[in-house]
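Open the structure in your viewer and keep the selection tool at hand. The stops below each say what to select and what to look for there.

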Amino acid sequence: MREGKILGSLFLEIPGREDTVSLNSSGSAIWEVCDGTRSLAEINRELETRFEMPPGSLRADIEVVVNRLEQIGALRLV
């Protein structure tokens with residue numbers, strides 16, 4: 001997998017895909033903390049702390065992005 005940043009957007013080149021996947025700043029923040037060691041709950045807590053958001057306020061958005069990244073082959077949830 002290759003990634004690159006241009007003007008606040010993150011672009012992913014995923015082996016086996018012809019297209020390039022673009023993530024906005026929110027998606028990029030989520031991607032950055034998906035390091036293979038954190039659970040969804042830990043990712044949620046990390047981002048809520050980073051952006052000073054109330055507990056549980058980002059959960060739905062994070063789940064949508066993580067599920068989409070899994071669907072396109074960028075992540076594998078275990």
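Start with L23 in this predicted model. Leaving aside residues up to four places away in sequence, L23 touches G8, S9, L10, L12, S28, W31 and L69.

Now widen the selection to the nonpolar core. The largest one has 19 residues, and L12, L23, W31, L47, I62, L69 and A74 are those with the most contacts inside it. Color the elements that give two or more residues to this core: strands β2 (9-13) and β3 (20-23), and helices α1 (25-33), α2 (40-50) and α3 (59-71). Which element gives the most to this core? That is α1, with four residues.

Select α1 next. Its buried residues are G27, S28, A29, I30, W31 and V33.

Go to the N-terminal end of α1. Which residue caps this end? Pick N24, which has a side-chain oxygen 3.1 Å from the backbone nitrogen of S26.

The last stop is A41, found in helix α2. Why does A41 count as partly exposed? Its relative accessibility is 41%, and partly exposed covers the range between buried, under 20%, and exposed, over 50%. From A41, draw a distance to R59, which lies 18 residues away along the chain. The C-alpha atoms of A41 and R59 are separated by 8.1 Å.

How values were computed: Residues numbered from 1 in each chain as written. Predicted model: local features only at pLDDT ≥ 70, side-chain atom pairs only at ≥ 80, totals over all residues. Heavy atoms only, no water. Core = buried A, V, L, I, M, F, W, Y, C linked by side-chain atoms within 4.5 Å. Buried < 20%, exposed > 50% of the residue type's maximum accessible area, 1.4 Å probe, protein only. Contact = heavy atoms within 4.5 Å. Polar contact = N/O pair within 3.5 Å; in protein donor to acceptor, adjacent residues only side chain to side chain.
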